[in-house]
Amino acid sequence: MDRYARWNALLEMLTDSGRVSVEEAAERLDVSQATIRRDFDQLAQQQMITRTRGGAVANGVSYDLPLRYKTAKHSAEKQRIGTAAAALVSPGTVVGLNGGTTSTEVARALAVRPDLNTSAEGAQLTVVTNALNIANELLVRSRMKVVVAGGVVRPKSFELVGPLGGALLREVTLDVALLGVDAIDPQLGAAAHHEGEAAMNSLMVARAKRVVVIADSSKLGGHAFARICPVDRVETLVTDSGASPDVVQAFREAGVHVVCA
């Protein structure tokens, strides 16, 4: 287990229990106590946790972890979701894509599709995004047209939020919005932890002909602080094969087409 995967695991433990001892963490992660002490010290320096005698307690920010700490979580599922979601995109269309680890996998899958990278007239894909890392993924891997919405950067997610980006989004039309979310529920709809991200995502939904939500099974049936859109605005949900059949059926009954990758 590398350092970031270990940090992610430690932060999840703290999210669940609020307090973790060095001994408990070392035993659960099968590493030395010295390694855990160093990890706790480094996380405390970044104000992710509060160090205590013999352990650590949660700071309350671990519900919205920085993107680089989320990459190890459900990585295989997110790669499959990314490939499945990218397959829904047709050449020559305009795609909205927000930030997040699952959206990053979608961007990578789009970038390697040769039919989306041709220079033939009318075949080039246009991607509108408010995430700097997504723009970078596409710029270094493909020949797509990339449009970046402006705004203030959120360091945790690399997403741009605020009225500057909203001004651009209100002037474009998207054929499809591919949205990573923090939670989606058959009754409550799609949501994000941060209200600024939710507002930008809502604008993408408003400007899109079709809305595809991309979310691993851990986010299904959950809830988050700020709503992005009601479930009846979602055409398709792309998730992984670990999704509960009952939850999948609830989405289908709500009129959402569900793809389990």
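Which residues in H2 meet which residues in H3? In this predicted model, local features require pLDDT of at least 70 and side-chain atom pairs count only at pLDDT 80 or more, whereas totals for chains, interfaces and linings use all residues. Residues are numbered from 1 along each chain as its sequence is written, and side-chain values use heavy atoms, with hydrogens and water left out.

Val22, Glu23, Ala25, Ala26 and Leu29 in H2 meet Gln33, Ile36, Arg37 and Phe40 in H3, contact being defined as heavy atoms within 4.5 Å. The residues of this contact comprise six nonpolar, one polar and two charged (Ala, Val, Leu, Ile, Met, Phe, Trp, Tyr, Cys and Pro count as nonpolar, Asp, Glu, Lys and Arg as charged, and the others, Gly among them, as polar). Helices (H or I, at least four residues) and strands (E, at least two) are DSSP runs, numbered from the N terminus. The axes of H2 (residues 22-29) and H3 (residues 33-45) are 9 Å apart, at an angle of about 115°; axes are lines fitted to C-alpha atoms, for helices over the stretch in contact, and angles run from 0 to 180 degrees between N-to-C directions.

Three bridges connect E1 with E3 (residues 55-58), and Ser21 stands opposite Gly55 in E3.

Note on methods:
Pairing = 2+ DSSP bridges.
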